[in-house]
Amino acid sequence: MELFELVTAQTVPDAVKAQAKSSTAQNGADVRFIAGGTNLIDYMKLNVERPRQLIDINGLPLDKIEKTADGGLKVGALARNADVAHDPTVKSQYAVLSQALLAGASPQLRNMATTGGNLLQKTRCVYYRDTAASCNKREPDSGCSAIGGYNRMLAILGTSDHCIASNPSDQNVALVALDATVHIEGPKGQRTVSIAEFYLVPGSTPQRETVLEPGDLVTHLTLPKLPAGTQSVYLKLRDRASYEFALASAAIVMKQDAGGKIDFIRVAMGGVGTKPWRSPEAERALLGKVPTPSNFRAAAESALHGAKPQSQNAFKVELAKRCLVHAMGQASQNA
Ligand code: SF4
């Protein structure tokens with residue numbers, strides 16, 4: 001780990017002003033915000049991240065979880081993952097988020113990790129973590145060791161010839177299914193971005209993972225109010241039962257009308273996409289249908305239609321379909 005300067009931000013504008021001096025907003029930025037540090041410190045120890053300055057934002061008033069006037073929920077960027085997972089409103093109205101958070105990491109990490117940090121969690125691609133390997137995301141235009149290399153855990157949706165890294169977060173899959181809005185304060189003021197537009201696919205610039213610009217600080221998220229009677233489920237499939245990243249996961253938000261037909265549906269997947277992956281194809285396939293295994297299977301087929309497996313992860317195509325079918329079944333049984 002290289003030497004760095006640690007400063008403490010007293011206000012949100014101070015934090016924004018300090019980080020705006022950075023070279024870039026994300027990977028390789030020389031000025032970084034730090035909150036829980038559960039991801040960033042790991043990468044600093046590996047010399048993957050070498051910031052000259054860290055801005056400690058733990059003292060900012062961004063840790064509240066509160067209901068909004070329109071019946072939704074506001075989650076501060078500094079709210080700890082454990083606090084969000086066990087919040088009574090999250091558990092009762094946004095169960096998919098609570099389940100996703102509890103499926104991730106360990107209790108100790110969840111006590112430290114924050115909502116905003118999780119939002120920006122880095123890939124677990126082994127080559128990204130190894131400074132001796134070629135990696136376009138860590139070092140642009142250096143190549144991608146994972147294509148043709150060890151890629152069992154990596155993405156099959158949204159990939160490019162430059163990067164096939166999967167987004168590792170569980171939280172973010174649930175947030176996509178909940179259609180969260182990301183609230184950002186930056187050098188030009190405040191703005192909001194739909195979570196569907198927050199993440200970028202790698203294309204030819206895999207080092208750029210989100211729309212954040214230098215100085216941008218995520219202050220909070222808002223979750224919209226869901227229709228009465230909506231059920232939600234997060235299902236995660238992995239190599240071992242805890243403290244492991246998803247091979248495939250599914251976040252389902254579903255409501256049925258009085259006749260039993262699905263009249264509200266959101267489908268998102270984890271472990272398979274270069275970003276938390278929403279599937280409008282699966283949603284279209286289910287809307288207006290009755291919840292049957294064959295309809296779920298047809299929706300799952302459409303969700304994975306564009307999958308491009310790599311040399312070691314073709315199994316994820318069928319695994320993700322089965323994960324979706326099981327999660328859809330669970331959501332419909334809860335209704
Ligand atoms: Fe780097 Fe992406 Fe290739 Fe992994 S998949 S080595 S993160 S460029």
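Y243 is located in the loop between β9 (231–237) and β10 (248–256), where helices (H or I, at least four residues) and strands (E, at least two) are DSSP runs numbered from the N terminus. Although Y243 is not a glycine, this residue has a positive phi of about 55°. Y243 counts as partly exposed because its relative accessible area is 48%; the term buried applies under 20% relative accessible area, exposed over 50%, and partly exposed in between (1.4 Å probe, protein chains only). The structure is a predicted model, in which local features need pLDDT of at least 70 and side-chain atom pairs count only at pLDDT 80 or more, while totals for chains, interfaces and linings use all residues. Residues are numbered from 1 along each chain as its sequence is written, and side-chain values use heavy atoms, with hydrogens and water left out.

A positive phi is also found at D179, with a value of about 60°, although D179 is not a glycine. D179 occupies the loop between α8 (171–177) and β6 (181–186). With a relative accessibility of 27%, D179 is classed as partly exposed.

The C-alpha trace of the protein chain spans about 60 × 50 × 35 Å along its principal axes. Of the 335 residues in the protein chain, 54% are buried. The accessible surface amounts to about 14400 Å², and carbon and sulfur atoms contribute 51% of this area; accessible areas come from the Shrake-Rupley method with a 1.4 Å probe, and for residues only the protein chains shown count as cover.

Among contacts in the protein chain with a separation of 6 or more, 64% join residues 24 or more positions apart, a contact being defined by heavy atoms within 4.5 Å. The protein chain carries 37 positive and 31 negative charges, whose mean positions are 4 Å apart. In this count Lys and Arg are positive and Asp and Glu negative, with His and the chain ends not counted; the place of a charge is NZ of Lys, CZ of Arg, CG of Asp or CD of Glu. The domain assignment gives domain 1 (5–58) and domain 2 (231–334), with bounds that come from an automatic or database domain assignment. The centres of domain 1 and domain 2, taken over C-alpha atoms, are separated by 35 Å.

Two loop residues illustrate buried positions. L62 lies in the loop between β3 (53–56) and β4 (65–67) and is buried because its relative accessible area is 12%. Not counting residues up to four places away in sequence, L62 touches V12, G76, A77, L78, A79, L217 and T219. L62 and V290, 228 residues apart in sequence, lie 42 Å apart in space, C-alpha to C-alpha. A165, in the loop between α7 (115–119) and α8, is likewise buried, with a relative accessible area of 8%. Beyond its neighbours within four places in sequence, A165 is in contact with residues including T123, C125, K137, L154 and A155, as well as with G273 and T274. For A165 and K137, 28 residues apart along the chain, the C-alpha separation is 8.8 Å.

Two helical residues were also examined. K91 is part of helix α4 (residues 88–93) and is partly exposed, given a relative accessible area of 47%. Leaving out residues up to four places away in sequence, K91 touches A85, H86 and S98. Q108 belongs to helix α6 (residues 107–112) and is exposed because its relative accessible area is 57%. The C-alpha atoms of Q108 and A82, 26 residues apart along the chain, are separated by 9.0 Å.
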